[in-house]
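Here is a short briefing for a reader meeting this structure for the first time. Look over the sequence and the structure, then take the points topic by topic.

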Amino acid sequence: MKTKLMAAAAAVALSIGGAQAQQWSDGTIKIGVMNDMSGLYADLTGIGSVIAARLAVEDFKAAQKGMKVEIVGADHQNKPDVGSGIVRKWIDEDKVDVIVDVPTSSVALAVNEIVREKNKVFLISGAAASDLTGAKCSPNTVHWTYDTWALANGTGKAIVKTGGDTWFFLTADYAFGHALERDTAAVVEKNGGKVVGKVRHPFPGQDFSSFLLQAQNSKAKIIGLANAGGDTINSIKQAAEFGIVKGGQNLAGLLVFISDVKAIGLQTAQGLIFTEAWYWDTNDVNRKFAERFSAAHPKKVYPSMIHAGVYSAVTHYLKALEQTKSDADGKAVVAKMKSMPTDDPLFGKGTIREDGRKIHDMYLFEVKKPAESKGPWDLYKLRATIPAAEAFRPLAEGGCPLVKK
Amino acid sequence: MFELLGVSPQALFGQLLLGLINGAFYAMLSLGLAVIFGMLNVVNFAHGALYMTGAFVAWLLLEFLGVGYWPALLIAPLAVAVLGIAIERTMLRWLYKLDHLYGLLLTFGLALIVEGLFRNEYGSSGQPYQIPETLQGGQNLGFMFLPNYRAWVVVASLAICLGTWYTIERTKLGAYLRAATENPALVQAFGINVPRLLTFTYAGGVALAALAGVMAAPMVNVSPQMGSSLIIIVFAVVVIGGMGSILGSIVTGFGLGVIEGLTKVFFPEASNTVIFVIMAIVLLIKPAGLFGRAA
């Protein structure tokens, strides 16, 4: 029904260089980009992540450095069993050295265990669960772009500080939604706010009017949307219909991507506040990357923060390989990645912590009014920068067994 | 004042009304399914995909031709009806004499193809569609804020449902249709073109789905998946109402919308499953459905 392997379409083999001192297992550095290629998250991950990885390899000039890099892509259909099967086959038969992206936390958690068992490398950009660097952390994994804690912290704190001190949660009824609600509620309460109620909606949902009415009756100042993708889009669209924002309540999107804002439209989404790790229109380098990316993308979409994270993670992985000269021992490669400061065009300077958490600034954005937007992808304005030191969960609080107490 | 499990009567009225609005969609979609099953004996799994197509046609009209909501209410169902005629003429026609399963498999395959095509062309995250100018805003009813657009939807779909029921059960055309289902050879002998009648029935059924799609476009995200998440619920509605029963599908559509709405207040986590629980109970007690005739 769905194409399992898109390797043929996505594979990019870069020619062999001269240096032979390096020890690439089977002669090639093989990058496996696995995500949702055909479903709900296909626009914000999908083929775009394969393109981002390819651009990173090109910019790194891997071929000139004697590194033969090959990229393959696959569709995990958001199912942990499908994803596990692909990763096992990739590692055992196709000699893939590093798994990249993997949105949908349930799939990422499954892949996390396989990669650890096989001693390969796992670079997460798409998945959100902060457990990946908490209780489930692994010496073979780096969690690159964002996580539930960072989103909750950025959005929750900013909103409570500007007066939004009573909250009602609209939560997707599965692990991800519960985690996001839990993390945000903790931030709200820590900053002096109060959670006055919550409702857990089935996932995925179509009609949220009933839940929105409950939120409206709660008189909470802020309605926190602890859901994602189509659920968030429909919640926001229907909240506008029911006059929730006009009535004085505000929405807080706890996980919003650029493709969601595009799908809702500025007319309805304007004023929405949320946290992201990267946006294309913040400086010239990012703008140039966005143009290249869009030109290479079959649907001409602009890159999401997940795409940018894939680019940045692959760049740092290749830099580490330059030092280790070998891709055989995944744990050693990740240890190298952690010991080197990160520095790439899109995310700038940063670090990777002991628990596998990549540390960088996060940004609080607001959706523009239709009159302020100058083009189809001109959607956000920057409200605040959350400095790297405050953006992520403190090392000691995650409960990662790798961290020595 | 009475309070039920901590829910105020005002909130309860609000939820009942919202349930009725959702029920309007279930009714319109299950009505089309019931008509197609009743007359053609085809379990039309492509119904959700055609509902989605209706919404997308409305978006395409607005995006590329600047044609707004009101003309789209007419144009999108017509466009989908033409697609329906093509499907019936080239594919479904050959399956009438075979087991139901063949029609189900064919339409299920078609649904996947149509969804895949839209996803390939327009992506999975969906497209924006605004509520038409004239229906923006809403009324404060005291117990809830009722958007004007939802009020329009519930009135319009009730009118459409009753109109369809009247056409099939009370007019001469409807009588031909029903007769053609019972005994096509005899009706043909009276000089009525039965194959054409069936083609138009299918076209009419899928046009209803497209109409529901256009009406849904301003309320839910216009995305390729919007049909597949609804179709299963609508099938449950048809089974509960009784396969092929037109009045049954209308009454159960609205009724289940209300029951689902109440579940969203008292036990929100179960609101997606409550309809299937009811379906299981109905199948155990009255296998032909609440309004169906035992075969």
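**Helix packing within chain B**

Helix 5 of chain B and helix 10 of chain B cross in the left-handed sense. The model is a predicted one. The points below start with this helix pair, then turn to a second pair, the two chains, their contact and some local details.

*Helix 5 and helix 10 of chain B*

- Two packed helices are described by the angle between their axes and the distance between the axes.
- Helix 5 of chain B covers residues 148–170, and helix 10 of chain B covers residues 246–266.
- Their packing angle is about 165°, and their axes lie 10 Å apart.
- Helix 5 of chain B and helix 10 of chain B are therefore roughly antiparallel, since angles over 145 degrees count as such.
- From helix 5 of chain B, the contact uses B:Cys161, B:Trp165, B:Ile168 and B:Glu169.
- From helix 10 of chain B, the contact uses B:Ile246, B:Leu247 and B:Ile250.
- By class, this contact of helix 5 with helix 10 of chain B holds six nonpolar residues, no polar ones and one charged one.

*Helix 1 and helix 8 of chain B*

- Helix 8 of chain B spans residues 194–216.
- Its axis and that of helix 1 of chain B come within 9 Å and cross at roughly 170°.
- Helix 1 and helix 8 of chain B are therefore roughly antiparallel to each other.
- Helix 1 of chain B brings residues including B:Phe25, B:Met28, B:Leu29, B:Val35 and B:Met39 to this contact.
- Helix 8 of chain B answers with residues including B:Leu198, B:Tyr202, B:Gly204, B:Gly205 and B:Ala212.
- The contact of helix 1 with helix 8 of chain B counts 15 nonpolar, four polar and no charged residues.

**The two chains**

- Chain B has 11 helices and two strands.
- Read from the N terminus, the elements of chain B run α-α-α-α-β-β-α-α-α-α-α-α-α.
- The radius of gyration of chain B is 19 Å, close to the 19 Å that the globule rule gives for 295 residues, so chain B is as compact as a globular protein of that length.
- Along the principal axes, the C-alpha atoms of chain B fill a box of roughly 65 × 50 × 35 Å.
- Chain A has 14 helices and 16 strands.
- For the 405 residues of chain A, a compact globule would have a radius of gyration near 22 Å; chain A has 21 Å, which agrees.
- The C-alpha trace of chain A spans about 70 × 50 × 40 Å along its principal axes.

**Where chain A meets chain B**

- Chain A puts 37 residues into the contact, and chain B puts in 33 residues.
- On chain B, helix 1 (9–40), helix 4 (100–122), strand 2 (145–147), helix 9 (228–241) and helix 10 each supply at least two residues.
- Helix 1 of chain B gives the most to this side, with five residues.
- The side of chain B that touches chain A divides into 13 nonpolar, 17 polar and three charged residues.
- Helix 7 of chain A and helix 1 of chain B have axes that come within 10 Å and cross at roughly 160°.
- That makes helix 7 of chain A roughly antiparallel to helix 1 of chain B.
- The crossing of helix 7 of chain A with helix 1 of chain B is right-handed.
- A:Ser209, A:Ser210, A:Leu213 and A:Asn217 of helix 7 of chain A meet B:Ala11, B:Gly14, B:Gln15 and B:Leu18 of helix 1 of chain B.
- This contact of helix 7 of chain A with helix 1 of chain B has three nonpolar, five polar and no charged residues.

**A sheet in chain A**

- Three strands of chain A form an open sheet in the order 12-13-14, with antiparallel pairing.
- Strand 12 (342–344) and strand 14 (358–359) of chain A stand at the edges, each with a single partner strand, so one side of each has no neighbour in the sheet.
- Strand 12 of chain A pairs with strand 13 (residues 348–352) of chain A over three bridges.
- A:Asp343 has A:Lys349 in strand 13 of chain A as its bridge partner.

**Backbone details in chain A**

- Most residues other than glycine have a negative phi, and most peptide bonds are trans.
- A:Asn78 is not a glycine, yet has a positive phi of about 60°.
- A:Asn78 sits in the loop between strand 3 (69–75) and helix 3 (80–92) of chain A.
- The peptide bond from A:Phe203 to A:Pro204 is cis, with omega near -10°.
- A:Pro204 lies in the loop between strand 8 (194–201) and helix 7 (209–217) of chain A.

Definitions and conventions
Residues numbered from 1 in each chain as written. Chains lettered and ligands numbered in written order. Predicted model: local features only at pLDDT ≥ 70, side-chain atom pairs only at ≥ 80, totals over all residues. Pairing = 2+ DSSP bridges. Helix = DSSP H or I, 4+ residues; strand = E, 2+ residues; numbered from the N terminus. Axes fitted to C-alpha atoms, helices over the stretch in contact; angles between N-to-C directions. Parallel < 35°, antiparallel > 145°, perpendicular 65-115°, else oblique. Left-handed = near helix turned anticlockwise from the far one by under 90°. Contact = placed C-beta atoms within 7 Å. Nonpolar A, V, L, I, M, F, W, Y, C, P; charged D, E, K, R; others polar. Rg over C-alpha atoms; globule rule 2.2 N^0.38 Å.
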